[in-house]
Amino acid sequence: MSAAQSGAIPAVMPTYRRIDIAFEKGDGVYLYGVDGRRYLDFACGIAVTAFGHCHPYLVKALETQANKAWHVSNLHRIPEGERLAQRLVEATFADTVFFTNSGTEAIEGTIKLVRKYQSAVGKPERYRIITFEGAFHGRTLAALAAGGQEKYLEGFGPRVDGFDQLPSTATLKEVEAAIGPQTAGILIEPIQGEGGVRPFTPEFMRGLRALCDKHGLLLALDEIQTGMGRSGKLLAHEWSGVKPDVMAVAKALGNGYPVGAFMATGDAAQGMVPGTHGSTYGGNPLAMAIGNAVLDLMLAPGFLDRVQQIASHLRQSLAMLVDKNPDIFEEVRGQGLLLGLKCKPPNGDIAASFRKQGLLSAMAGDNVVRLLPPLIIEAEHVSEATQKIEAACADLRTTMKAEAARKAG
Ligand SMILES: Cc1ncc(COP(=O)(O)O)c(C=O)c1O
């Protein structure tokens, strides 16, 4: 009898190792469990709820649009989408935008655009994309192949062809050596999020730009996690001054309403003519109304300056915690409000210990715990988080000591 027939498989397909907490509601930077317990949300649904939960302005935008039209399909013009695209174009390097429902779809579109560009400029043999170890680009077959992580690819048949992965420590010389006659572009996260909050240096990013220009390649950025204010700028690549040809965003663009986008220069997008790409839901009126409302808040004068200020306060507080707890933490890394604590004990134990104190965080590769607070946190929330982390460290230390004593007999 199969697991399904015997009833052994849960009704929700068990592809996640879920934590046994269910939330009933959220309010600003806090989430409330069904048991009434309050959590300080420094995970943000993995870098999504930048304006916290139930932000009145966003709730109002959703309600207003919900009472007009939710969905009309892309067979017609969608004025709210045209407005959002225009605003994104004005605020970024891009000339044109395609809206998606998720980050993975935005990456899939990015990959298609890179290949189509080369075909449009008469080089259809160029379809391969250079990527970097430790990357995470999403869960479709192409996005998995781009990310190149064995644990996610295993058992899903032949890997989608067309990705050449280099170590994340590759030098510019090594990147250049990997460029061949079939190379179409380079795809990179300015800061690897899932990979352990590992930033690439501005020099490296500038070097990649130069290599792309030299060899006729497109520079594609995955800013799904780093983008939309999380780094303290609208997009993380602004810190290095490097402009991509195409970029994927998602997550905070909808603050929890599923919306993503891939955006490109006019030149890079020259192959994306009618019929080359589509989506039933992508960019529907409800998603676009929320996207516009998110931009109203994010582009308000001074907002991103405030994010930078509070981010440096949080970082300093975390650096002090690292100094005070060298048996628990190795370092703090990241940029803006995409911060990682490199841990000594297993990061799962640390995240669990944070949760025990009522602090939500997200794990990442390289034994890192990510802190991804809402961009609207105030100094009082930094203090609250710091206290909770201190308490978690003390608790962990007691547990570790008891464990060591037990082992010693
Ligand atoms: C950098 C990066 N790329 C792609 C994705 C995939 O996005 P989604 O889960 O919305 O499909 C994620 C999600 O965590 C991500 O962090």
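Me: How many Å separate the centres of domain 1 and domain 2, taken over C-alpha atoms?
Reply: Keep in mind that this is a predicted model. The chain splits into domain 1, made of 23-54 + 303-408, and domain 2, covering 56-298. Taking their centres over C-alpha atoms, the separation comes out at 28 Å.

Me: Which element gives the largest share of the side of domain 1 that touches domain 2?
Reply: Where the two domains meet, 26 residues of domain 1 are in contact with 28 residues of domain 2. On the domain 1 side, at least two residues each come from helix 1 (44-47), helix 10 (303-324), strand 13 (329-335), strand 14 (338-343) and strand 17 (368-371). The largest share is 5 residues, and the element supplying them is helix 10.

Me: How many nonpolar residues does that side of domain 1 have?
Reply: Sort the side of domain 1 that touches domain 2 by class, and you get 3 charged and 8 polar residues. The nonpolar count there is 15.

Me: What is the handedness of the crossing of helix 3 and helix 9?
Reply: The axes of helix 3 (residues 79-91) and helix 9 (residues 285-298) come within 8 Å of each other, crossing at roughly 35 degrees. As for the hand of that crossing, it's left-handed.

Me: How many residues of the contact of helix 3 with helix 9 are charged?
Reply: Helix 3 brings Glu 80, Gly 81, Arg 83, Leu 84 and Arg 87, while helix 9 brings Pro 285, Met 288, Ala 289, Gly 291, Asn 292 and Leu 295. Of the residues in this contact, 5 are nonpolar and 3 polar. The charged ones number 3.

How values were computed:
Residues are numbered from 1 along each chain as its sequence is written. This is a predicted model: local features need pLDDT of at least 70, side-chain atom pairs count only at pLDDT 80 or more; totals for chains, interfaces and linings use all residues. Axes are lines fitted to C-alpha atoms, for helices over the stretch in contact, and angles run from 0 to 180 degrees between N-to-C directions. Helices (H or I, at least four residues) and strands (E, at least two) are DSSP runs, numbered from the N terminus. A crossing is left-handed if the near helix is turned anticlockwise from the far one by less than a right angle, and right-handed if clockwise. Two residues are in contact if their C-beta atoms, placed from the backbone, lie within 7 Å. Ala, Val, Leu, Ile, Met, Phe, Trp, Tyr, Cys and Pro count as nonpolar, Asp, Glu, Lys and Arg as charged, and the others, Gly among them, as polar. Domain bounds come from an automatic or database domain assignment.
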